[in-house]
Amino acid sequence: MLTDLLNDAVRVAGDILSAHGPAVNAAKSFAPSDYSIHFFLQLAVIILACRVFGWLGQKFLGQPQVVGEMVAGVVLGPSLLGLLFPDFQALLFPKETKNVLYAGAQLGVGLYMFLVGTTLRLDHFQSKGKSAFGVSMAGIIVPFLIATAITPFLLTVPGLFAPGISQSNATLFMGACIALTAFPMLARIINERGLANSALGTLTLTAGAFDDAASWCVLAVVLATFGGGPGIAVLAIGGGVLYAAFILVFGRRLLAPLGRMVEAKGEMSTGILAITMMFFCLSAFLTDAIGIHAVFGGFLLGVAMPRGLFTQEIKRKVEPLALVLLVPMFFTYSGLNTRMDMVNSVPLLLIALGVLAASILAKFGACWAAARLAGEDNRTALGIGALMNSRGLMELIIINIGLQKGIIGPTLFSMLVLMAIVTTVMATPLFELVYGRKARQTGELGAVPGSMAAGAV
């Protein structure tokens, strides 16, 4: 009797990660409890992987924590874990649970960009507005010119683009991919390198925000002409411009009472925190619903939030949980959709390297030149180019949409993933080489904040 009970307990334990829905025998459907079981286990694995790879990147490669988290996301996906242990990876991250992970990922990255917006120095933006505009325009125009030059060749290679796609749509999509700057990751790198309160950091972050918004608007046009209808583009572009204008013109005035209440009490009450989080969710909902992305809603609202004690309190209460628990889900979700084994021949590898070289030339070179023309010294211009060249997981988001909508094939998707990873990994060491190291020696920048190292373990 006891043996039977133990054997049955072992059987049940071994079946924990299986589907338990009512139609399990026929369709292997998931019961509600199955989603929570997987979710908590996935979170534990994600946090562990991000901490380990973040520490390894900092210890041995001098990379910021965020780059280690990006690599961890790819490692947990089919590119490595799924390649070496496919059954275990499928058991840990079944496709049925991806939608739950997606929602958590959007909450994490949107909340982080809200916090970044609260630290944006508007005085630096005003003093560097001309430079930011020039860098942003160059970071958009030149990538589209490069895309115009390389897309006709890419269209001749079978399997890169969807059959029947027009050259104009293919060019627009490639231009958006090359023009993209890793807005959330750029913000993490700027914060972790001690640039959050510098003119260079504000200029780069502002230009990156413009470039990302432009890329998403172009993607909306491509989706509209690819079968989604013109309403997609009208809603995304028109709605985005109207909402941004409203927030930037009226937002600070409307939200100022929250700051006064925090100052009067000397701390942020749970009631004020609840109101703030409600506004964040509504702002993220609006920009996500119109087709741009939740991160822009979070960032715009953060820019309009009161400064002073309010900003200090919101960071103290929200930032640790967002960075440690929520943001890693964003990296892992994108990594689960990434496959690095698709570039499997010498000609395809050469094409991938050509796309990488063209992307670096288009972004790094163009932003450097624009900064120089705007009056920045050569060292600052090189630093701006190095940061703007980072693509990160915003790139993975946009190319995942392209793959899901049938615009590109898995092979071109993998090439663009490679470009995203390489340009992101090279951003920090290149920045330190051309700007950061000398700036720290001369006292223009302080040492890399200790919180970066502390947050890695």
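Figure 1. pLDDT is the predictor's confidence in each residue, from 0 to 100. Helices (H or I, at least four residues) are DSSP runs, numbered from the N terminus. Over residues 450–457, pLDDT stays under 50. The model has 14 contacts beyond four places in sequence for residues 450–457; a contact means heavy atoms within 4.5 Å. Where pLDDT is low, the predicted coordinates should not be read in detail. The chain averages a pLDDT of 84, and 88% of the residues score at least 70.

Residues are numbered from 1 along each chain as its sequence is written.

**Figure 2. The whole chain has 21 helices and zero strands.** Strands (E, at least two residues) are also DSSP runs. Of the 457 residues in the chain, 53% are buried. Buried means under 20% relative accessible area (1.4 Å probe, protein chains only). Among contacts with a separation of 6 or more, 79% join residues 24 or more positions apart.

**Figure 3. T97 sits in the loop between α6 (86–92) and α7 (98–118).** T97 counts as buried because its relative accessibility is 3%. Its side chain makes a polar contact of 3.0 Å with the side chain of Q42. A polar contact is a pair of N or O atoms within 3.5 Å; within protein, one must be able to donate a hydrogen and the other to accept it, and residues adjacent in sequence count only if both atoms are side-chain atoms. A polar atom of the T97 side chain also lies 2.9 Å from the backbone oxygen of P94. Leaving aside residues up to four places away in sequence, T97 touches F30, Y35, H38 and Q42.

**Figure 4. F246 and F250 both lie in helix α13 (residues 230–265).** They are four residues apart, about one turn of the helix. Rings of Phe, Tyr and Trp (its six-membered ring) pair if their centres lie within 6.5 Å; planes under 30 degrees apart count as stacked, over 60 as edge-to-face and the rest as tilted. By this rule the count is eight aromatic pairs. The ring centres of F246 and F250 are 5.7 Å apart and their planes meet at 45°, so this pair is tilted. F246 is partly exposed, at 40% relative accessible area. F250 is partly exposed too, at 39%. Partly exposed lies between buried and exposed, the latter being over 50%.

Definitions and conventions: This is a predicted model: local features need pLDDT of at least 70, side-chain atom pairs count only at pLDDT 80 or more; totals for chains, interfaces and linings use all residues. Side-chain values use heavy atoms; hydrogens and water are left out.
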